[in-house]
Amino acid sequence: MSVNRCVYLFSRLQRHISTRTTAGNCPVSPGSGLLHRPHRAGSAVCSRHVSSNSSSPKPPDTSLFVPISLRTDCVSDGSVGVELTQPLDKSELLKVLNRFYKKKEMQKLAADHGLDARLFHQAFISFRKFVLEVTSLTADLHIILSDICSGAGHVDDLYPYFMRHAKQIFPMLDCMDDLRKISDLRVPANWYPEARAIQRKVIFHAGPTNSGKTYHAIQRYLAAKSGVYCGPLKLLAHEIFEKSNNAGVPCDLVTGEERTFMDSDGRASGHVACTIEMCSVTTPYEVAVIDEIQMIRDPSRGWAWTRALLGLCAEEIHVCGEAAAIDFIRELMYTTGEEVEVNTYKRLTPCSILDHAVESLDNLRPGDCIVCFSKNDIYSISRQIEARGLECAVIYGSLPPGTKLAQAKKFNDPEDPCKILVATDAIGMGLNLSIKRIIFNSLIKPNVNEKGEKQMETISTSQALQISGRAGRFASVFKEGEVTTMYRDDLPVLKEILSHSVDPIETAGLHPTAEQIEMFAYHLPDATLSNLVDIFVSLSQVDGMYFVCNIEDFKFLADMIQHIPLNLRSRYVFCTAPINKKQPFVCTSFLKFARQFSRDEPLTFDWVGRHVSWPLSEPKNIKDLVHLEAVHDVLDLYLWLSYRFMDMFPDTGLVREAQRELDDIIQQGVRNITRLIRATDPTITNPLQTQGSRGGQAGGNNASASSNPLRGQRGSGEMDSSLASRLVRDGLLTPDLLRQLQREWSKDQKQESTNQSALDTEPHNNNNSKGKRKKKKK
């Protein structure tokens with residue numbers, strides 16, 4: 001047996017012992033040196049687990065502790081203190097208080113009771129303000145201060161009163177142990193007693209895109225007496241819902257915004273297809289299917305996959321996803337005592353990386369899909385394609401599901417003249433598309449990191465494989481897939497990305513539940529919801545196998561409605577609503593919904609209609625189209641809330657009907673997207689379009705590529721059009737300034753050519769003059 005195998009088995013044994021002793025509240029001694037070896041497959045997770053249990057709790061982030069303001073106009077003991085002693089001189093009081101603050105012994109003693117330097121300073125400022133401004137001090141504090149001022153007492157005698165005040169303005173100091181217990185997230189498997197009460201069988205279907213892994217899991221799902229499908233997208237849930245019912249297996253649909261029951265009386269069917277956040281962890285099933293398991297590490301949504309994997313009450317759990325998750329899922333299931341059976345699949349159709357870039361839109365072919373990572377690039381490229389006399393379909397994330405399906409159908413239809421697709425990475429999941437060639441217009445994508453910050457990054461191997469795998473799908477018109485880039489400089493980068501193996505998954509996401517936040521609020525009744533969540537995450541302890549998901553969106557919504565009077569549970573539910581905080585109209589609607597809800601006034605369709613100015617007309621430009629997409633999201637928000645507060649959002653039928661009508665309007669707008677772009681920005685059509693066409697005809701002509709520095713090393717005029725369009729659209733460059741820059745560039749080019757000619761002839765002239773001088777000397 002190899003050394004690596006021994007280490008692997010020993011680590012599993014150590015984890016087993018650690019888990020059992022922790023569950024029994026027995027101390028766990030640190031493991032041997034083998035557990036602290038550098039990262040190795042199968043052993044790293046265990047190392048993290050043991051070290052996290054043996055380490056002391058991390059200190060809280062005291063910057064999150066917000067002091068409570070105490071009233072200074074209250075009268076507690078009346079004038080008892082004054083009657084027993086004498087009135088206090090405020091100037092003397094100030095000297096006494098400042099002496100107390102400067103004493104290192106007091107600061108050290110306060111630190112031992114949870115007041116670090118930051119909290120000590122804040123508490124003292126509040127204590128000093130209270131003592132100097134309060135209408136009447138308590139008798140005991142008044143007497144102590146009087147004694148100190150008269151020399152009969154010591155300044156250290158103030159400490160108990162200072163700490164009493166500190167715990168009043170920082171109530172978390174008195175219940176820190178309780179808060180730590182509530183926020184202890186180290187054994188999430190124990191949150192689901194129903195699942196732990198049965199012995200589940202876990203089958204991992206591993207393989208790349210278009211390998212049939214989900215198909216095999218769904219076949220078992222359809223054959224079972226009862227089952228649940230958990231997918232990442234509404235489109236995928238809809239697909240399984242339709243596939244199941246078409247196969248004669250009654251299946252319900254449950255998403256955040258929709259409930260469809262096949263039984264006319266509303267009774268639940270044996271099978272249900274749902275988005276993963278909506279799956280029930282208390283309903284028993286024979287088979288459960290968890291799709292795209294690699295998303296368990298998603299910074300925002302990973303908690304939903306963790307919850308489904310650990311909590312579903314099913315005899316068989318079929319997990320589908322990338323092979324990079326196999327080892328991690330094995331280790332995760334080992335903590336529950338459940339073994340994992342792995343079935344691996346290979347891609348059903350070949351897919352190859354081409355050795356040349358497209359370089360120009362003139363070189364597009366039927367079945368091509370250009371992948372962009374921004375809506376502006378989609379607008380620009382679709383306009384240029386149609387200027388060449390070609391039709392194209394458009395798919396991006398903010399489009400309603402119905403519009404995405406309509407555009408996919410248009411592209412897939414062999415009778416339709418539309419043979420080109422321009423899309424974002426939204427095509428990576430949920431849509432069956434007949435694509436021959438994937439063309440990456442860019443390899444840079446905006447991402448949100450664990451802190452909730454937006455940053456531009458090169459796409460990962462996992463993302464590149466997911467998108468590339470859409471080419472040449474099994475059962476489509478094209479039996480082979482191809483992948484390339486628009487620009488030649490990106491092609492070697494893409495090859496490098498795809499040559500790497502996918503990074504193994506090492507952690508799973510967790511998220512605080514409503515019950516945990518309510519327990520926090522019991523101890524900290526005056527804290528805001530945003531502050532409660534911040535403190536929870538600050539104090540939380542997680543096993544090395546887990547991380548706490550990004551809560552920035554949650555906090556954004558919590559801060560937005562903090563001034564609205566809502567009970568904590570309702571406030572929490574509102575803040576978990578899946579809205580795009582980048583859309584001002586959606587955020588404004590969210591705020592109005594919460595305010596109307598707080599007044600205990602039902603949100604009727606008439607009320608919503610007035611807010612969104614219903615009925616709506618077809619878009620005349622891109623701005624109108626974007627607004628219609630935002631209105632669709634607002635109606636989605638209404639439907640989402642209606643299933644949480646049915647009595648307050650009563651008109652779901654009317655709203656859904658309006659949403660279907662709006663979907664048709666948006667579809668019409670997307671079909672005419674080129675006309676909308678032209679209406680939005682007619683000033684940048686002719687000069688750049690002509691220039692782009694010429695650059696495209698030049699193709700790989702190096703002389704043409706090097707003649708314009710704005711093109712860099714792209715070798716195509718397409719980049720000019722895209723960049724200039726974005727600058728004009730974003731208001732960074734006006735059309736007049738653009739034309740002026742073009743004129744100046746042409747002038748500079750002529751001047752440079754003239755100067756170069758002069759330089760070329762100068763040596764020749766110098767030689768001639770030297771010859772003449774020599775002749776004169778002779």
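Leaving aside neighbours within four places in sequence, with which residues is Phe-649 in contact? Taking contact as heavy atoms within 4.5 Å, the partners of Phe-649 are Phe-574, Phe-593, Phe-597, Leu-603, Tyr-638, Leu-641 and Ser-642. The structure is a predicted model, in which local features need pLDDT of at least 70 and side-chain atom pairs count only at pLDDT 80 or more, while totals for chains, interfaces and linings use all residues. Residues are numbered from 1 along each chain as its sequence is written, and side-chain values use heavy atoms, with hydrogens and water left out.

The protein contains 31 helices and 20 strands; helices (H or I, at least four residues) and strands (E, at least two) are DSSP runs, numbered from the N terminus. Of its 778 residues, 49% are buried, where buried means under 20% relative accessible area, exposed over 50% and partly exposed in between, for a 1.4 Å probe and protein chains only. The accessible surface comes to about 36800 Å², and 53% of this area belongs to carbon and sulfur atoms. Areas were computed by the Shrake-Rupley method with a 1.4 Å probe, and for residues only the protein chains shown count as cover. Among contacts between residues at least 6 apart in sequence, 76% join residues at least 24 apart.

In soluble globular proteins, nonpolar side chains tend to be buried together. A nonpolar core is here a set of buried Ala, Val, Leu, Ile, Met, Phe, Trp, Tyr and Cys residues joined through side-chain atoms within 4.5 Å. The largest such core has 161 residues, and those with the most contacts inside it are Leu-158, Ile-293, Leu-309, Phe-574, Phe-593 and Phe-649. Helix 25 (residues 622-642) gives the most to this core, contributing 12 residues. Another core, of 26 residues, lies apart from it and includes Phe-373, Ile-395, Ile-459 and Ala-464.

An open sheet is formed by 8 strands in the order 5-4-6-3-7-8-2-9, with mixed pairing. Strand 5 (259-260) and strand 9 (340-344) are the edge strands, each pairing on one side only; two strands pair if DSSP finds at least two bridges between them. Strand 4 (residues 251-254) and strand 6 (residues 271-275) run parallel and are joined by 4 bridges, with Val-254 opposite Cys-274 in strand 6.

Strand 7 (residues 284-290) has 6 of its 7 residues buried, so it is largely enclosed by the rest of the structure. Strand 3 (residues 227-231) runs parallel to strand 7 and is joined to it by 4 bridges; in this pairing Cys-230 stands opposite Ile-290. Strand 7 also pairs in the parallel sense with strand 8 (residues 313-321), over 6 bridges, and Pro-284 stands opposite Cys-313 in strand 8. Together with helix 13 (residues 302-311), strands 7 and 8 make a right-handed β-α-β unit. A crossover is right-handed if, with the strands pointing away from the viewer, the path from the first strand over the helix to the second runs clockwise.

Val-202 is located in strand 2 (residues 201-206) and, at 1% relative accessibility, counts as buried. Val-202 and Glu-316 are 114 residues apart in sequence, yet their C-alpha atoms are 5.8 Å apart in space. Beyond its neighbours within four places in sequence, Val-202 is in contact with Ile-317, Val-319, Met-333, Glu-338, Glu-339, Val-340 and Glu-341.

The loop between strand 2 and helix 11 contains Asn-210. This residue has a positive phi of about 65° although it is not a glycine, and at 8% relative accessibility Asn-210 counts as buried. In helix 11 (residues 213-223), the buried residues are Lys-213, Ala-217, Ile-218, Tyr-221 and Leu-222. They cover an arc of only 160° around the axis, which puts them on the same side of helix 11; the arc is that of the directions from the helix axis to the C-beta atoms. Tyr-215 and Ala-223 are exposed on the other side of helix 11.
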